Amino acid sequence: MTAASPVLPASPLPEERKVLLSRVVEGLDAASLWWLSGYAAGLAQGHAAPPSLALVQGGAQAERADEQRLTVLYGSQTGNARRAAERLAGEAEAAGLRVRLQRADTYPTRELASERLLYVVISTQGEGDPPDDAIGLVEFLQGRRAPKLPELKFAVLGLGDSSYADFCGIARRIDARLAELGGQRLQPVAEADLDIDSVAAPWREQVLRDAREHLAVVPGAGAKITPLRGPAPAAFDHAHPFAAEVLANQIVSGREFKGPAYRRHGEASKRVRHLELSLAGSGLHYEPGDALGFRHRNPEALWAPLLDVLKLDGHADVTQGAETLPLSEWLAGHRELTKLSRPFLAAHAERSGAVELQALLAPTQTAGLATLLGDHQVIDVLRRWPADWDHDGLLAALRPLTPRLYSIASSRKRVGDEVHLTVDELEYQAHGHRHVGSASAFLAALGEGDTTDVYVEPNERFRVPADDARDILMIGPGTGVAPFRGFVQERAERGARGRNWLFFGARHFNRDFLYQAEWQQALARGELHELDLAFSRDQAEKIYVQHRLRQRGREVYAWLRDGAHLYVCGAIAMGKDVHAALIDIVAEHGSVDAEAAGQFLIELQKEGRYSRDVY
């Protein structure tokens with residue numbers, strides 16, 4: 001699943017051409033590489049480029065610019081939008097339509113003016129932000145260079161999470177902007193929650209009907225097209241997870257050391273766990289930067305209080321669709337209980353008659369709603385605004401339980417058929433009661449020898465450079481450091497010549513310096529070349545990773561100017577603070593204004609040299 005091999009195999013290319021080819025493919029994802037392979041195959045057939053060659057995803061033969069085509073454009077953070085776009089493009093191709101599948105950051109924006117049929121599939125990151133691979137496209141659409149589009153017909157599918165106030169916000173803004181530029185909207189913007197297919201499937205059927213009305217079906221297209229596909233998919237994926245055995249589950253955070261007299265320690269403020277799982281026999285492969293998906297269950301601490309508050313019988317059999325299960329099993333294994341959604345709040349407001357809750361759902365109260373969504377679980381809403389719920393109504397209102405993704409903290413080159421994770425075990429007091437996380441509590445309870453259902457979620461935009469001579473800067477406070485453990489392992493095992501610089505931050509040195517011994521060993525062995533630390537609560541003034549970045553701004557800018565790759569992993573708010581610090585650094589040390597500094601970072605993202613994995 002690597003974006004490109006670091007070493008070219010034996011070939012008839014002269015050495016200088018090999019170097020150029022390595023630069024061309026660096027940072028490309030699988031879709032772009034398959035497109036490139038088809039383009040090269042076309043050139044080989046005629047020993048020269050046909051004058052109007054334009055290959056499409058899936059290996060369709062060259063099409064002329066004046067021939068009709070559907071462009072499916074996607075922006076994806078965790079892979080859901082990519083999968084939805086691939087499915088749409090595949091079904092359109094199977095129907096005999098010419099189709100091009102393009103990731104947003106590889107789309108030539110100059111071609112937008114000539115598009116006639118465009119379908120956009122895009123996820124929303126946090127509160128209405130675009131995914132990283134669509135930032136450049138959104139900037140272009142919102143800017144003065146965006147063309148008028150009087151001949152464009154379009155439709156937009158948004159993927160989001162209704163536990164955020166600005167649900168599918170970026171999809172709505174793209175839809176509105178395309179219409180503002182003169183495009184004709186074929187279908188209203190579709191907004192899919194975590195149960196994606198309930199919205200995506202009917203939308204896909206409708207837009208495919210629209211496409212068949214507006215495009216000519218190519219006779220025998222299915223037989224003529226030679227699909228350029230990657231290796232056969234693994235037997236296990238997000239729909240069919242693998243039962244991985246737990247090899248180790250240990251706490252890697254510590255307790256604050258109070259004093260030497262009696263070796264006194266305080267209570268641990270939080271627990272961070274290191275998990276090691278076996279993938280032996282699965283056929284699953286991953287690269288550092290990918291995520292591991294989990295099919296988990298809600299712990300009893302989440303669903304038992306809910307039954308108690310609502311006075312419902314957990315043993316009562318309830319039928320949803322074609323399945324009948326006890327209510328407690330529905331809540332434990334099939335319903336989301338930690339993340340609120342706007343539809344559930346609306347249903348509860350109606351049942352409870354709570355004026356305060358109804359007011360928070362008003363369109364003008366986005367800030368208040370965002371606060372509620374951010375610090376309340378389902379049980380908190382039920383306690384705060386009492387209401388009567390029946391079994392069927394409750395299950396219909398709650399969202400389905402969806403898998404969780406955790407950044408992989410290892411390299412297969414070092415650990416073999418294992419995968420390692422760094423998990424923050426969520427437990428806290430709020431609203432007068434103890435709260436736990438759903439997936440983190442599930443993982444914390446796993447013991448050695450237990451099994452849990454997992455799958456690999458590729459993140460092709462978050463990869464170590466294909467060129468081992470490149471330097472990398474890694475910014476990962478807290479458990480955001482997880483993928484960088486894998487990065488450093490990978491680069492060491494590959495013998496990479498480029499330097500590795502890590503910025504790590506946490507609250508306390510004594511409690512929260514994750515993998516401290518490993519980083520010190522990596523420094524001693526020359527696998528890690530720079531390590532900057534920010535422990536925010538160990539002094540009166542709070543110090544975060546963005547402060548350390550600014551302190552080392554001159555060197556940071558020099559690394560970026562000289563071709564280094566930059567990676568950020570962790571909370572969305574941290575990512576925004578780091579981005580602001582980077583703009584200041586580029587502006588100061590590059591002697592440009594803030595707008596030019598921001599454009600510099602956008603160009604780095606387009607080049608695949610600035611990658612973020614924020615959540």
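**View 1. The whole chain, by burial and contact.** Buried means under 20% relative accessible area, exposed over 50%, and partly exposed in between, with a 1.4 Å probe and protein chains only. By that cut-off, 52% of the 615 residues in this predicted model count as buried. The chain has 23 helices and 23 strands, taken as DSSP runs (H or I, at least four residues; E, at least two) numbered from the N terminus. Contact means heavy atoms within 4.5 Å. Among contacts with a separation of 6 or more, 77% join residues 24 or more positions apart.

**View 2. Surroundings of Trp389.** Leaving out residues up to four places away in sequence, Trp389 touches Leu310, Leu312, Phe344, Ala347, His348, Arg351, Leu382, Leu394 and Ala397.

**View 3. Helices α17 and α19.** The axes of α17 (residues 482–494) and α19 (residues 516–525) come within 12 Å and cross at roughly 30°. α17 is therefore roughly parallel to α19 (angles under 35 degrees). Phe484, Arg485 and Val488 of α17 meet Glu518, Trp519 and Ala522 of α19.

**Notes.** Residues are numbered from 1 along each chain as its sequence is written, and side-chain values use heavy atoms, without hydrogens or water. In this predicted model, local features need pLDDT of at least 70 and side-chain atom pairs count only at pLDDT 80 or more, while totals for chains, interfaces and linings use all residues.

Conventions: Axes are lines fitted to C-alpha atoms, for helices over the stretch in contact, and angles run from 0 to 180 degrees between N-to-C directions. Angles under 35 degrees count as roughly parallel, over 145 as roughly antiparallel, 65 to 115 as roughly perpendicular and the rest as oblique.
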